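Hi everyone, thanks for coming. Let me put the sequence and the model up on the screen, and then I'll walk you through a few places in it.

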Amino acid sequence: MRKYLVRRMLFALGTLVGVSLIIFVVLRILPGDPLVAILGVEGIAKMTPADRVHIMHDLGLSDPLPVQYLHWLHDIVTGKLGKSFFRGDTVAELILHRGPISAEIGILALIVSWLVGLPVGIVSAIKPNSWADNVARSAAILFIAIPGFWLSMLIVLALLFWFGYKAPIIIVHFWESPWQNLQIVIGPAIVLGLAQGAYIARMSRSCLLEVIGEDYVRTARAKGAEERTVVLGHALPNALLPVITISGVLLGFVLGGSVAVEQAFGVPGLGRSLVTALIERDIIVVQNLVLLYAVIFVLVNFLVDLSYAWLDPRIRYA
Amino acid sequence: MPEPALPPADRSVLRELLTFARRNTLSAVGGVVGLLIIAMAIAAPWVAPNDPLKTNFRHMNKPPDAQSLFGTDQVGRDTLSRVIYGARTSLFVAFAAVLLGTTVGSLWGVACGYLGGRFDLASQRVMEILQAFPDLILAMAISVAIGTGLPAVIIAIAITRLPFGGRVIRSVAISVREMSYVEAGRASGASAFRIMRLHVLPQCVAPYLVLATTHLGVAIVIEAALGFLGVGVPPPTATWGNMLADSITGLIPQWWLVLFPGSPSPSRFSPSISWATASVTPSIRGSPRLPPPRHGAGRSAPAAAPALATARPGAAS
């Protein structure tokens, strides 16, 4: 097990180094002068070449590219993460300030997806092709296909029209005011959670159906176990492996989706910061936030791999 | 006799379609609606009641009425016409991106699977790195980096599709590589390129089609999300995402500006299109007009199935 763990960890680390290189290269080929983005065309025109050299040096953009890359790695290791072009705060501060909101949304979405998806999948699998199964499958297709951000806009509109309600659009952390905080995060969490829940329902249905057909389940039935025990106690644990995998894989979908959904709900999370930074060409912020999203994604998939190896011994020795 | 051989083949495809429609009514309905939307996009100039870019300052922010069925936006443009023309841009971007991304990815996958060795190992690492990014975030970064515009958006979405084609088709190519007819080709002295082109590639067509249709829906959603976030096809071009982005520039969005651009999104039908393709494919493969399936056909399909199942469904939002 330890050997497997170390190998997977090295793999993940290698992937992340590759990820950082790609981010760096992609953002450095950005067309246009970053100073134009910061100061505007007029500002550039008024600037003397000496000023220009000075500012570029301040921003750390005058070094050769490999040096810039090493600087960035150094910043990551020391946890400073560089500064925004436009705002005084460092990216680390930005992440600490806005990150918790996005993290809450992600975790709540995960909880919602399992709470909704798994029961629906089990009900579908117990009576395949019944009306309940058909309703569940149609609903799943619907939620997979509807773009999350559009659903979010509709929810915001409906609440506003019928109840005159608008969620607060300021940053309120959970430890400051749990009630206000919940109002901010619950909308995005439900939208993202339902879409994931749809995948989980489909996956758990098909896996459970497959397992229920196996011999050992028939044996369990034959020895007179209750149907409840057979499905939940015998079949379900074996059907859950692929569902756990897909749940980890879906995280990419939540991370990406949360960017658009946060925008639609007006939630001031990390996704909003990323979009703003991209549009403003605030390279330092963009490179760190994109890396952060990739790190989270790789980390979760790493954990999923581990849980898989832990739950299914065959994988360790393969 | 080749002449009478054709009609029965046609009928069998038709019959298979009908059987499919009876068994999967939902998918069939989805497929039909999807086709209608494609038709609407192609026929936009004849279907749309108005010019999608024509502003009318005497008729701004009007709710739906007889003159403009879907209402008008902040500068008096007809929402219905914009939705219809938006279908054009959105579908064009999605089709082009999927075609480019899946095709290049699949060819890459064939090379990886057949050649193996160091090339395969390096390629796998690159694909892993590409898959380490959430789709939408990678597409956003690339689209901004190479400058927002139609080609930039298409390339950005295509790059996010590369690893899916690569991985799935690679696993098919690996299983085909071991077939005896491929071995026979090698024994007869055919070059690797020739074997890949004539023997491996044809086996990858079915999974390729399934893959492409599956990812069409994802691509449509990514395009819409890019437009919505302001890093997609630049305005004033009508795309569904742009229209949604425009609708929230006002303090309180008008409901018709939000409801209509989102609702025709055929992404919801795309799973059904892909099911339809998956079920029709065997009949296409069986039809006499295409080269008959080689010996590996029965084996390559199951090989592709688990790979498809593990392909990330990840969408933009």
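Let's begin at B:Arg177, which sits in helix α7 of chain B, residues 150-177. By helix I mean a DSSP run of H or I with at least four residues, by strand a run of E with at least two, and both are numbered from the N terminus. A quick word on the source: this is a predicted model, where local features need pLDDT of at least 70, side-chain atom pairs count only at pLDDT 80 or more, and totals for chains, interfaces and linings use all residues. Residues are numbered from 1 along each chain as its sequence is written, while chains are lettered from A and ligands numbered from 1 in the order in which they are written.

Is B:Arg177 buried or exposed? B:Arg177 is buried, because 20 other C-beta atoms lie within 10 Å. The cut-offs are these: 20 or more other C-beta atoms within 10 Å of a residue's own makes it buried, 12 or fewer makes it exposed, anything in between is partly exposed, and the C-beta atoms are placed from the backbone. Leaving aside residues up to four places away in sequence, B:Arg177 touches B:Gly113, B:Tyr114 and B:Val182. Touching, or contact, means that the two C-beta atoms, again placed from the backbone, lie within 7 Å. For a sense of distance, B:Leu107 is 70 residues from B:Arg177 in sequence and 15 Å away in space, C-alpha to C-alpha.

Two packed helices are described by the angle between their axes and the distance between the axes. Here the pair is α4 (residues 79-115) and α9 (residues 192-200), both of chain B, at an angle of about 115° with axes 11 Å apart. The axes are lines fitted to C-alpha atoms, for helices over the stretch in contact, and the angles run from 0 to 180 degrees between N-to-C directions. From the α4(B) side, B:Val110, B:Ala111, B:Tyr114 and B:Leu115 meet B:Ala192, B:Met196 and B:Val200 in α9(B).

Staying in α9 of chain B, we find B:Arg194. B:Arg194 counts as exposed because there are 12 C-beta neighbours inside 10 Å. B:Ala224 is 30 residues from B:Arg194 along the chain, and their C-alpha atoms are separated by 40 Å. Another one to look at is B:Ala184, in helix α8 of chain B, residues 180-187. B:Ala184 is exposed too, since 12 C-beta neighbours lie inside 10 Å. From B:Ala184 to B:Gly149 we have 35 residues in sequence and 49 Å in space, C-alpha to C-alpha.

Of its 25 residues, 23 are buried, so α10(B) is largely enclosed by the rest of the structure. After α10(B) comes B:Gly230, with a positive phi near 85°.

On to the core. Which members of the largest nonpolar core touch the most other members? Of its 151 residues, they are B:Ile137, B:Met140, B:Ile157 and B:Ala225. Helix α10 of chain A, residues 227-265, gives the most to this core, with 17 residues. A nonpolar core is a set of buried Ala, Val, Leu, Ile, Met, Phe, Trp, Tyr and Cys residues joined through C-beta atoms within 7 Å. Among the residues that B:Ile157 touches, beyond four places in sequence, are B:Val93, B:Ala97 and B:Ile222.

Over in chain A, A:Ser20 lies in helix α1, residues 2-28. With 21 C-beta neighbours inside 10 Å, A:Ser20 counts as buried. A:Trp72 is 52 residues from A:Ser20 along the chain, with 9.5 Å between their C-alpha atoms.

Chain A has 13 helices and zero strands, and chain B has 14 helices and zero strands. Buried residues make up 37% of the 318 residues in chain A, and 49% of the 317 residues of chain B.
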